Amino acid sequence: MPTISSFFGIVVTMYWREHEPAHFHARYGEFEAVVGIETLGVLRGSMPRRALALVLEWAAEHRDELIEDWRLCRANEMPKPIQPLE
């Protein structure tokens, strides 16, 4: 499970050969949310409101890169790191 970004205690990962829809995993402490790339909606899990807001802001800024990383992971290739939220 490659880490593609990390910021403010949040770690964003993608799994290789994962199921549709395109998504990523965001972890913050003991919380985890699975977020759809196209909709930026939470598909599964939860995290505190402020942490989720940061994740969604980051994902909106990097949606094209997330889509590319999704394609790489689906092809069992290493995704590229994505700049953290500053």
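## A hairpin and an aromatic cluster

Glu32 stands opposite Ser46, a residue of strand S5. Welcome to this structure, which is a predicted model.

The strands here are S4, covering residues 31-36, and S5, covering residues 42-46. They pair in the antiparallel sense, with four bridges between them. Five residues lie between the strands of this hairpin, and in it Leu40 takes a positive phi near 55 degrees.

Now let us turn to the aromatic rings. Which residues form one aromatic cluster? They are Phe7, Phe8, Phe24 and Trp58. The count of aromatic pairs in the model comes to three.

| Pair | Distance of centres | Angle of planes | Kind |
|---|---|---|---|
| Phe7 and Phe8 | 6.4 Å | 85 degrees | edge-to-face |
| Phe7 and Trp58 | 5.6 Å | 35 degrees | tilted |

Why is the pair of Phe7 and Phe8 edge-to-face? Their planes stand at 85 degrees, and an angle over 60 counts as edge-to-face. The rings of Phe7 and Trp58 have their planes at 35 degrees, so this pair is tilted.

The pair of Phe7 and Trp58 also links distant parts of the chain. Phe7 sits in strand S1 (residues 3-7), while Trp58 belongs to helix H1 (residues 49-61), and the two are 51 residues apart.

Is Phe7 buried or exposed? Phe7 has 4% relative accessibility, so it counts as buried, the cut-off being under 20%. Trp58 is buried as well.

How values were computed:
Residues are numbered from 1 along each chain as its sequence is written. This is a predicted model: local features need pLDDT of at least 70, side-chain atom pairs count only at pLDDT 80 or more; totals for chains, interfaces and linings use all residues. Side-chain values use heavy atoms; hydrogens and water are left out. Two strands pair if DSSP finds at least two bridges between them. Rings of Phe, Tyr and Trp (its six-membered ring) pair if their centres lie within 6.5 Å; planes under 30 degrees apart count as stacked, over 60 as edge-to-face and the rest as tilted. Buried means under 20% relative accessible area, exposed over 50%, partly exposed in between (1.4 Å probe, protein chains only).
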